[in-house]
Amino acid sequence: MKINVCVLFGGVSPEHAVSLRSAESVLNNMDSEKYDIYPVGITREGKWIFFSGTDYAMLPDDTWHSQAENCPAAISPVREQGLLLFREDTIDTVHLDVVFPVLHGENGEDGAIQGLMQLAGIPCVGPNVAASAVAMDKTLTKLVIDHAKIPQARWHLVRGKGLEGKLESTIRDIEDKFNYPVFVKPAGTGSSVGVSKAADSAGLGKALLEAAKYDDKILVEEFIYGREIEVAVMGNESPMASVCGEIDSGAEFYDYEAKYITDTSVAYIPARISQETEEKVRNYAVRAYNALGCRGLSRVDFFVTYADNSVILNEVNTLPGFTSISMYPKLFAASGIPYRELIDSLIRLAMEAHK
């Protein structure tokens, strides 16, 4: 018997476009012999639409919602109702065995969708509500990682609402704590949305105001001069870490454009680090995963310093990109688990965790 899988994509998030690209790859690689697939897109305005087509190339173009046979949809929080399809004069219900949220950032990676699935009693790929919420808020992640005694960059929290009329004093306060350059990040975004590297007071002021567009909580971090290393982690009680990958952004840093738009970045798999350093990175990745209470999957990002090969944790991404060029599937492919098998494993893990 086939497994009914609802793939959620889009979302009311600055990372909407990334989600569409990820979902195209996931849907094209799902085994239709094993799964009955129900793609449901969430528009930028928050409308839920069942995508009736099979041409998943319509997703990155954002033309998917114009398909003639589409219909409004929702996942009911009432247990046993599952997916609701609102057709002309009827409401069809579809039992769901599992939901695969290919949603990045706000309203998809922060525990919101995970909470709905918990209410509905439907297995959900990826970490649960608490782990998702904590990992999404980088300042909360910092506190957990500190407690787990995993090395990370020094950091400082700024409130966006407190910047009005206090920008200059805020800049002075940061300059008292850090040398330039510094990184400025909204606490609750991924895909480097709203992230800036500031080299002086003017750049810092601009970076703070830019980050404040996305989140009231703004994270300021010291600059770490080192290689950018990423590790894919998968599992529930006994998670496994992939081989390490390295990103050479070819830009000031691995920003949104370097990740998804330009072709300046280069990935090295395996990473250009010693076996001893790689083992340390992989060990820290699993420790961070467990400390946050993750399950299913996450990608854990690090710096390895050029000066002395110190390993510094950067962040944890609980629903990492799944595009054709994304590191998470590429890292597991290099570890012997190809894309299609990876999807099977994530669905199985979600159903096991629910039991």
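A: Let's start with His156, whose bridge partner in strand S11 is Val220. Before going on, a word on what you're looking at: this is a predicted model, so local features need pLDDT of at least 70 and side-chain atom pairs count only at pLDDT 80 or more, while totals for chains, interfaces and linings use all residues. Residues are numbered from 1 along each chain as its sequence is written, and side-chain values use heavy atoms, with hydrogens and water left out.

Now back to our pair. His156 belongs to strand S8 (residues 155-159), where His156 and Val158 form a covered face and Trp155, Leu157 and Arg159 an uncovered one. S8 is joined to S11 (residues 217-222) by five bridges, and the two run antiparallel. For two strands to pair, DSSP has to find at least two bridges between them. In general, strands of a sheet pair through backbone hydrogen bonds, either parallel or antiparallel.

S11 has another partner too: five bridges join S9 to S11, again antiparallel. On that side, Val184 stands opposite Val220 in S11. S11 itself is mostly covered, with five of its six residues buried. Here buried means under 20% relative accessible area, exposed means over 50%, and partly exposed is in between (1.4 Å probe, protein chains only).

Val193 counts as buried because its relative accessibility is 8%.

Next, the open sheet. Five strands line up in the order S14-S13-S12-S15-S16, with antiparallel pairing. Strand S14 (266-268) and strand S16 (311-317) are the edges, each pairing on one side only. From one strand to the next, the twist averages 30 degrees. Inside the sheet, S12 (residues 226-235) and S15 (residues 296-305) share 10 bridges in the antiparallel sense, and Met234 stands opposite Leu297 in S15. Helix H8 (residues 275-292) packs on this sheet, touching S12, strand S13 (240-248), S15 and S16, and its direction makes about 135 degrees with that of S15. Contact, by the way, is heavy atoms within 4.5 Å. Angles run from 0 to 180 degrees between N-to-C directions, and axes are lines fitted to C-alpha atoms, for helices over the stretch in contact.

Helix H9 also meets this sheet. Its buried residues are Met327, Tyr328, Pro329, Leu331 and Phe332, and what covers them includes S12, S13, S14, S15 and H10. After H9 comes Gly336, with a positive phi near 100 degrees.

So how do H9 and H10 sit together? The axes of H9 (residues 327-334) and H10 (residues 339-354) come within 9 Å and cross at roughly 105 degrees. The two helices are therefore roughly perpendicular to each other. The cut-offs: under 35 degrees is roughly parallel, over 145 roughly antiparallel, 65 to 115 roughly perpendicular, and the rest oblique. Tyr328, Pro329 and Phe332 of H9 make the contact with Tyr339, Leu342 and Leu346 of H10. By class, that contact has six nonpolar, no polar and no charged residues. Nonpolar covers Ala, Val, Leu, Ile, Met, Phe, Trp, Tyr, Cys and Pro; charged covers Asp, Glu, Lys and Arg; the others, Gly among them, are polar.

H10 has 16 residues, so at 1.5 Å a residue it should span 22 Å, and its end C-alpha atoms are 23 Å apart, which agrees. That expected span is 1.5 Å times one less than the number of residues.

Notes: Helix = DSSP H or I, 4+ residues; strand = E, 2+ residues; numbered from the N terminus.
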